[in-house]
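The following exercises are to be worked with the sequence and the model in view. Each task is followed by a solution in steps.

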Amino acid sequence: MTTTTVIDSQTLQRDADGHLENMAEWNDQVAQALALEEGIPALTERHWLVINYMRKEFKEKGDAPSIRKMTKESGVDTKELYALFPKGPAKKAAKIAGLPKPKGCI
Amino acid sequence: MNTNGLEPIKKVSIIVSRGSLDGIYPGLIMANGARMEGIEATLFFTFFGLDAVIDKRMDNVKVATVGNPGMHLPTLLGAIPGMSAFATSKMKKEMERLDIPPVREFIQMIHDAGCEIYACKATVDMFHLTKKDFCPQVDDIISVGQFYEKSAGAQIIFT
């Protein structure tokens, strides 16, 4: 089921889990609004580090990175990652980054 | 509520009772996967499953090539010296390719993700072990009763 949300006078298509249907509609304001939905009031520099790393990996590999890869390559360790994105870092960070739900199990 | 109108799982308690590579990993993957989804998770290691958290053993967990029908290997072939080590190294390579970490790193990662890790008291007593024999991520040695108390409101998964 697809839904739409208006953020910053921009109408966004969302999938059943709330992920953006179209990556190109994503921008910093959209990320901030999506973060707010996930209970993150303000994106810090550390959040952005994770978000930008995820977008870069997605563009290169076609899927969001695993948590293990993310902690090894982004400079944010497991504990911090869970603190930054409580209630499921891989999925939440992917959603805020405007990416589809990660496919991997790890 | 999720899209099916069903209540999502909030908490899981995963029991790991077997000591081989194929006995330990499913429980670890499920615990890690639960935390990734924001589900509370507790891991309880019992019997030979304790090998996953015993400091001296956790780096040497192997695939059983005898008595493991899933291997599709005749028993006598499986018993050839080096066969288990060979199967283990093949499987470890595949797992690394899928970004599945070695046991010690995985236990650390799962614990850092907020999963509580416990060892079964009955087994600890039976094998004459103490807290010192375990890796630092083991939060406590607990009885079955305590396990059930900690599992209040959780789905219990036995592996």
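**Exercise 1.** How many helices and strands does the secondary structure of chain B hold? State also the order of the elements.

*Solution.* The model is a predicted one. Step one is the count: chain B has six helices and five strands. Step two is the order, read from the N terminus: β-α-β-α-α-α-β-α-β-α-β.

**Exercise 2.** Determine whether the radius of gyration of chain B agrees with that of a compact globule.

*Solution.* A compact globule with 159 residues would have a radius of gyration near 15 Å. Chain B has 17 Å, which agrees. Along the principal axes, the C-alpha atoms of chain B fill a box of roughly 50 × 45 × 25 Å. Of the 159 residues in chain B, 43% are buried. Finally, consider the contacts in chain B between residues at least 6 apart in sequence: 69% of them join residues at least 24 apart.

**Exercise 3.** Describe the surface of chain B, and classify F47(B) as buried, partly exposed or exposed.

*Solution.* Chain B exposes about 8500 Å², and carbon and sulfur atoms supply 60% of this area. A nonpolar patch on the surface is formed by F47(B), F48(B), M126(B) and F127(B), which together have about 390 Å² of accessible area. F47(B) lies in the loop between β2 (40-45) and α2 (75-78) of chain B. Its relative accessibility is 42%.

**Exercise 4.** Which residues of helix α3 of chain A are buried, and what covers them?

*Solution.* Helix α3 of chain A spans residues 67-74, and its buried residues are I67(A), R68(A), M70(A), T71(A) and S74(A). The cover includes α2 (45-61), α4 (78-84) and α5 (89-96) of chain A. It also includes α1 (21-36), α3 (83-97) and α4 (103-112) of chain B. After α3(A) comes G75(A), whose phi is positive, near 85°.

**Exercise 5.** How many disulfides are there over all chains? Examine C105(A) and C115(B) in turn.

*Solution.* A disulfide requires two cysteine sulfur atoms within 2.5 Å. By this rule the count over all chains is zero. For C105(A), the nearest cysteine sulfur is that of C115(B), 17 Å away, and C105(A) is in no disulfide. For C115(B), the nearest cysteine sulfur is that of C135(B), 12 Å away, and C115(B) is likewise in no disulfide. As to accessibility, C105(A) has 57% and therefore counts as exposed, whereas C115(B) has 2% and therefore counts as buried.

Conventions
Residues are numbered from 1 along each chain as its sequence is written. Chains are lettered from A and ligands numbered from 1 in the order in which they are written. This is a predicted model: local features need pLDDT of at least 70, side-chain atom pairs count only at pLDDT 80 or more; totals for chains, interfaces and linings use all residues. Side-chain values use heavy atoms; hydrogens and water are left out. Patches are made of residues with over 30% relative accessible area and no salt bridge: like charges are joined within 9 Å, nonpolar side chains (Val, Leu, Ile, Met, Phe, Trp, Tyr) within 5 Å. Accessible areas come from the Shrake-Rupley method with a 1.4 Å probe; for residues, only the protein chains shown count as cover. A salt bridge is a side-chain nitrogen of Lys or Arg within 4 Å of a carboxyl oxygen of Asp or Glu. Helices (H or I, at least four residues) and strands (E, at least two) are DSSP runs, numbered from the N terminus. Buried means under 20% relative accessible area, exposed over 50%, partly exposed in between (1.4 Å probe, protein chains only). The radius of gyration is taken over C-alpha atoms; the globule rule is 2.2 Å times the number of residues to the power 0.38. Contact means heavy atoms within 4.5 Å.
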